[in-house]
Amino acid sequence: MTSNAFIRRFANGDDKVPQTRLGVWQRHSSMLLVAVASVGLLIGLVLLWQDSRYSGLVWTVATLAVLGSLLVQVFGALRRGDVGLDIVAALSMSAAIAFGEPLAGNVVGLMYASGQLLEAFAEGRARREMTALMGRVSHSAMRYDASGLEEIAISLIRPGDRLLIRQGEVLPVDGIVSGDAATLDMAALTGESLPQPVPPGAEALSGSTCIGAAFDLVANRIAAESTYAGIVRLVEAAQASKAPMVRMADRFAMGFLLLTIAMAGSAWYLSADPIRALAVLVVATPCPLILAVPVAIISGMSRAAKIGVLVKNGGMLETLARVQTAILDKTGTLTHGQAAVIDIKTTASFTAEEVLKAAASLDQASGHVVAAALVRAATGKGLRLSKPEEVKETPGTGIEGCVDGKKVVVGGSGFVRRASGSDDPRSLVTAAMRTSLTVAVAIDGRLAGIIVLQDQVRADARSVLNALRAAGIRKIVLASGDRAEIAQAVGTQLGMDAVLADLTPEGKVAAVRAAARNGTVMMVGDGVNDAPALAAADIGVAMGARGTASSSEAAGVVLLVDELGPLAKAVAIARRSRRIALQSVSAGLALSIGAMIAAAFGYLQPVEGAILQEVIDVAVILNALRALR
């Protein structure tokens with residue numbers, strides 16, 4: 001089933017997790033083949049103990065059952081252009097029957113079938129965290145209408161609809177909390193285990209669970225465009241992807257197949273003993289061996305998803321593991337992306353509270369982001385704002401009006417001076433304020449003061465950068481569209497290796513391409529202006545919790561929580577997963593080749609070789625599963 005098809009099912013209220021018929025058939029057939037091979041082996045051994053001549057026949061029948069299923073898979077893979085080690089298993093079982101070694105053939109068949117079950121278990125466990133996301137789909141919601149509440153399918157929800165979210169329900173769409181505050185469990189989205197309070201007016205994401213009192217949610221997206229639907233779409237794509245390292249493992253399989261045939265033929269030719277050739281084929285049947293790579297990669301993706309980092313596909317995880325240079329945007333990435341009041345300088349006639357209350361009261365009439373910051377600061381201090389009157393706003397410059405019968409002017413220094421006739425507000429600006437945003441305030445024609453705002457650096461930014469360096473990233477660069485002095489101040493504070501300022505979107509792309517000459521580049525950003533650079537980088541990382549849709553679409557990795565901490569952990573997880581994958585393949589192939597040499601010189605019989613190879617396979621798969629921890 002394609003991702004789009006699943007999203008349509010999601011939007012129409014079908015909460016069943018899709019399973020392919022092929023996957024179900026493979027799981028059940030593997031269980032059946034294990035049963036057939038096991039029963040055949042046991043019956044044959046009993047007959048052998050009773051000196052019956054039919055033991056060989058029973059083992060042959062059991063082997064043919066497994067061989068027939070295997071040949072179907074081999075031919076199907078060959079039609080798709082895939083050449084794998086299943087061919088070696090087919091050759092060894094066929095040779096065992098042809099050379100009169102039915103017991104060895106039965107053992108190989110049992111080991112092959114049990115290996116298939118081991119693969120299913122390993123992949124199933126590795127996908128657990130990612131698949132769990134897809135099982136949390138709401139299919140109905142309670143919507144307010146003129147007559148009260150009605151239960152509707154989530155496909156009928158439209159932006160602006162008011163929904164009742166009851167305790168225990170999963171939010172079906174993204175929306176704005178209305179009325180009372182909400183208490184949400186966001187573990188499935190972000191990995192955060194503690195309940196998260198969401199105040200009125202804040203956005204709540206679909207896929208969260210209401211664990212407090214019921215609350216109202218005003219939808220701002222349809223279900224198919226909401227956060228959770230997008231996550232499900234990304235998870236499906238990630239699960240269906242084939243990492244470059246996995247394809248590299250497929251190439252290992254081709255080389256290993258040729259080596260196996262050459263060694264088996266040489267052993268037979270030099271010793272004139274076909275059983276040695278059979279022993280080489282049997283011991284060279286590492287059916288789950290090459291699967292160690294996708295198991296390790298999927299395990300790493302699953303582990304990253306658990307901490308709130310969604311890696312879109314296996315190739316992206318491998319790229320994340322090879323990053324040498326990290327380029328980070330400033331606003332919304334290293335900072336919170338919201339201006340906050342950090343200081344208020346007043347003249348002798350006014351207090352800081354008077355200046356902030358007057359400015360915030362007037363700015364209630366403005367939609368500017370700075371106005372919102374002033375209102376937020378005033379309400380945060382518990383100030384009771386007055387109603388603004390006779391408001392006149394000059395977009396991008398300032399605003400004037402009456403508050404409590406007084407003429408108030410708020411804006412840039414030049415605007416305030418001209419509109420109020422007051423003293424020059426720049427007389428209050430100190431050298432330390434030049435890297436911050438200042439807003440002047442005049443009351444009744446007199447300069448009242450200036451309000452200093454700054455986009456605060458994230459509290460964890462410095463520790464995250466240190467963790468990225470510890471994970472193996474050699475160079476960290478700040479790339480910003482802000483003025484040079486502002487960007488340089490942040491870069492110095494965080495200990496950046498380089499600072500690039502006054503960048504346009506095209507400038508960020510150029511910075512990414514220049515850094516790519518020195519190795520793999522990761523770009524981290526959150527806004528529309530970052531999307532081209534995210535796409536141009538070897539791997540883009542989007543701040544998906546509050547970032548724009550365009551940045552999330554362009555990126556290969558999406559942070560589902562509005563913090564940088566999980567990114568450093570994800571880089572470490574990616575590097576460890578890649579290292580484990582390489583360890584598994586290298587160790588597995590080395591052990592298999594060593595066993596093949598022993599078999600070629602007659603030190604391993606076919607049955608012994610089959611048992612030894614299964615031990616190697618199990619050890620390699622279990623090693624690959626370490627990536628889950």
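This report describes a predicted model of a protein, from overall figures to selected helices, salt bridges and one surface patch.

## Basis and confidence

The model is predicted, so to speak of local features a pLDDT of at least 70 is needed, and side-chain atom pairs count only at pLDDT 80 or more, while totals for chains, interfaces and linings use all residues. Residues are numbered from 1 along each chain as its sequence is written, and side-chain values use heavy atoms, with hydrogens and water left out.

The average pLDDT (the predictor's confidence in each residue, from 0 to 100) is 79 for the protein, and 80% of the residues score at least 70. Over residues 1-24 the pLDDT stays under 50. For that stretch the model has 43 contacts (heavy atoms within 4.5 Å) beyond four places in sequence. Where pLDDT is low, the predicted coordinates should not be read in detail.

## Overall figures

The secondary structure comes to 23 helices and 22 strands. Both are DSSP runs numbered from the N terminus: helices are H or I with at least four residues, strands are E with at least two. Of the 629 residues in the protein, 50% are buried. Buried means under 20% relative accessible area, exposed means over 50%, and partly exposed lies in between (1.4 Å probe, protein chains only).

The protein exposes about 27,600 Å², of which carbon and sulfur atoms supply 57%. Accessible areas come from the Shrake-Rupley method with a 1.4 Å probe; for residues, only the protein chains shown count as cover. Among contacts between residues at least 6 apart in sequence, 67% join residues at least 24 apart. Glu-614 lies in helix 23 (residues 606-624) and counts as buried at 11% relative accessibility.

## Helix 16

Helix 16 spans residues 413-420, and its buried residues are Ser-413, Phe-415, Val-416 and Ser-420. They cover an arc of only 165° around the axis, which puts them on the same side of helix 16. The arc is that of the directions from the helix axis to the C-beta atoms.

These buried residues pack against four strands: strand 13 (388-394), strand 14 (398-403), strand 15 (406-411) and strand 16 (437-443). Just after helix 16, Gly-421 has a positive phi of about 75°.

## Helix 18

In helix 18 (residues 484-494), Ile-486, Ala-487, Val-490, Gly-491 and Leu-494 are buried. Seen down the axis, the buried residues of helix 18 fall within an arc of 130°, so they line one face of the helix.

The elements covering the buried residues of helix 18 include helix 13 (330-334), helix 17 (461-470), strand 17 (446-457), strand 18 (475-479) and strand 19 (498-500). Just after helix 18, Gly-495 takes a positive phi of about 70°.

## Salt bridges

Side chains of opposite charge can pair when their charged atoms come close. A salt bridge is here a side-chain nitrogen of Lys or Arg within 4 Å of a carboxyl oxygen of Asp or Glu. By this rule the count is 12. Glu-203 and Arg-221 form one of these, at 2.9 Å from N to O. That pair links distant parts of the chain, 18 residues apart: Glu-203 is in strand 7 (residues 203-204), and Arg-221 is in the loop between strand 9 (215-219) and helix 8 (227-240). Glu-203 is partly exposed at 34% relative accessible area, and Arg-221 is partly exposed at 31%.

Glu-169 forms a salt bridge with Arg-166, with the closest N and O atoms 2.6 Å apart. Glu-169 is partly exposed at 22%, as is Arg-166 at 37%. The side chains of Asp-424 and Arg-417 meet at 3.5 Å, N to O. Asp-424 counts as partly exposed at 22% relative accessibility, and Arg-417 is partly exposed at 42%. Arg-143, Glu-150 and Asp-161 are linked in a network of salt bridges.

## Nonpolar patch

Leu-42, Leu-45 and Leu-48 make a nonpolar surface patch of about 280 Å². Patches are made of residues with over 30% relative accessible area and no salt bridge; like charges are joined within 9 Å, and nonpolar side chains (Val, Leu, Ile, Met, Phe, Trp, Tyr) within 5 Å. Leu-42 is in helix 2 (residues 21-49) and is exposed, with a relative accessible area of 56%.
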